[in-house]
Amino acid sequence: MIELENVAYSYGGGDLLSNISLELQPGSFHFLTGPSGAGKTTFLKLCYGALTPTSGTARLFGTDRREMQRDDIALARRRIGVVHQDCRFLDHMSVADNIALPLMVSGRDLLGESANLKELVAWVGLSERAKALPPELSGGERQRAALARAVIMSPDVVLADEPTGNVDWEMSQRLLRLLIELNRMGKTIMIATHDLALIRSAKAHVQARVLRIANRRLQLAGADL
Ligand SMILES: Nc1ncnc2c1ncn2[C@@H]1O[C@H](COP(=O)(O)OP(=O)(O)OP(=O)(O)O)[C@@H](O)[C@H]1O
């Protein structure tokens, strides 16, 4: 699905990431951890093709990122749902319209999709808030709306960047349950997080690999988490 082979990435100074190799298997569940500034968001951007490796190869669904044209990237992006750290809503549009935005952008028939949209809004527990504007939402509501938007196109892979960053324990558990449910439906999940307690709590419910970025490298974290 997504394959990184000996990838390095630099924003212009020295390498932020180097020697990164990983193949995301269909249906797998990964956590990605590491100190602030280690490069977790950058790593996710390499996985969804927003960045091209400085060296090495990133393949998205079998195609080298360097050989992908605009349309290829757009197609690959429909298969990868991203929950951004800062949610990125359009504040003048309702929660439901924000969630439906990927459908609108890809030219899908919104009327035909309205039952799916309603079901998805209910799945994340936001039926009562569907008409609200994003600035009116709580942190947990924002994160659930961001998750719904990330999966509206039925992606194969969901990459979530600190999806539980600004919410209490109960809400992080609720978000985690939603992500585990997606994994049980067959989706490949990767969650970047600082929250080691969240990772520990997941282990009882899902077989997850824990990756850690430290000193520019990607390592498999030890069992001592
Ligand atoms: N567009 C950019 N241009 C230049 N430097 C950048 C850019 N984006 C990120 N960086 C730098 O790259 C480093 C890694 O950033 P990144 O956001 O990937 O780390 P992170 O591990 O996700 O951090 P955090 O846990 O704090 O979110 C940081 O030093 C950051 O300032």
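How many bridges join strand 3 to strand 9, and do these strands run parallel or antiparallel? The points below take up this pairing and then its surroundings.

1. Basis of the note. The model is a predicted one, in which local features need pLDDT of at least 70 and side-chain atom pairs count only at pLDDT 80 or more, while totals for chains, interfaces and linings use all residues. Residues are numbered from 1 along each chain as its sequence is written.

2. Strands 3 and 9. Strand 3 (residues 29-33) and strand 9 run parallel and are joined by four bridges, with T33 standing opposite R212 in strand 9. Strands here are DSSP runs of E of at least two residues and helices are runs of H or I of at least four, numbered from the N terminus; two strands pair if DSSP finds at least two bridges between them.

3. Six strands form an open sheet in the order 6-7-8-3-9-10, with mixed pairing. Strand 6 (80-83) and strand 10 stand at the edges with a single partner strand each, so one side of each is left without a neighbour in the sheet. From one strand to the next the twist averages 20°, angles being taken from 0 to 180 degrees between N-to-C directions, with axes as lines fitted to C-alpha atoms, for helices over the stretch in contact.

4. Strand 9 (residues 209-214) and strand 10 (residues 217-220) run antiparallel and are joined by four bridges, and A214 has R217 in strand 10 as its bridge partner. Two residues lie between the strands of this hairpin, where N215 takes a positive phi near 50°.

5. Helices on the sheet. Helix 5 (residues 139-151) lies across strand 6 and strand 7 (157-161), running at about 165° to strand 6. Helix 6 (residues 169-184) packs on the sheet and touches strand 3, strand 7 and strand 8 (188-192), its direction making about 155° with that of strand 8. Contact between two residues requires C-beta atoms, placed from the backbone, within 7 Å.

6. A helix pair. The axes of helix 3 (residues 95-105) and helix 4 (residues 114-123) come within 11 Å and cross at roughly 120°. In this contact, A96, I99 and A100 of helix 3 meet L117, L120 and V121 of helix 4.

7. The ligand. Y11, L16, G34, S36, G37, A38, G39, K40, T41 and T42 surround the ligand, a residue being near a molecule if its C-beta atom, placed from the backbone, lies within 6 Å of it.
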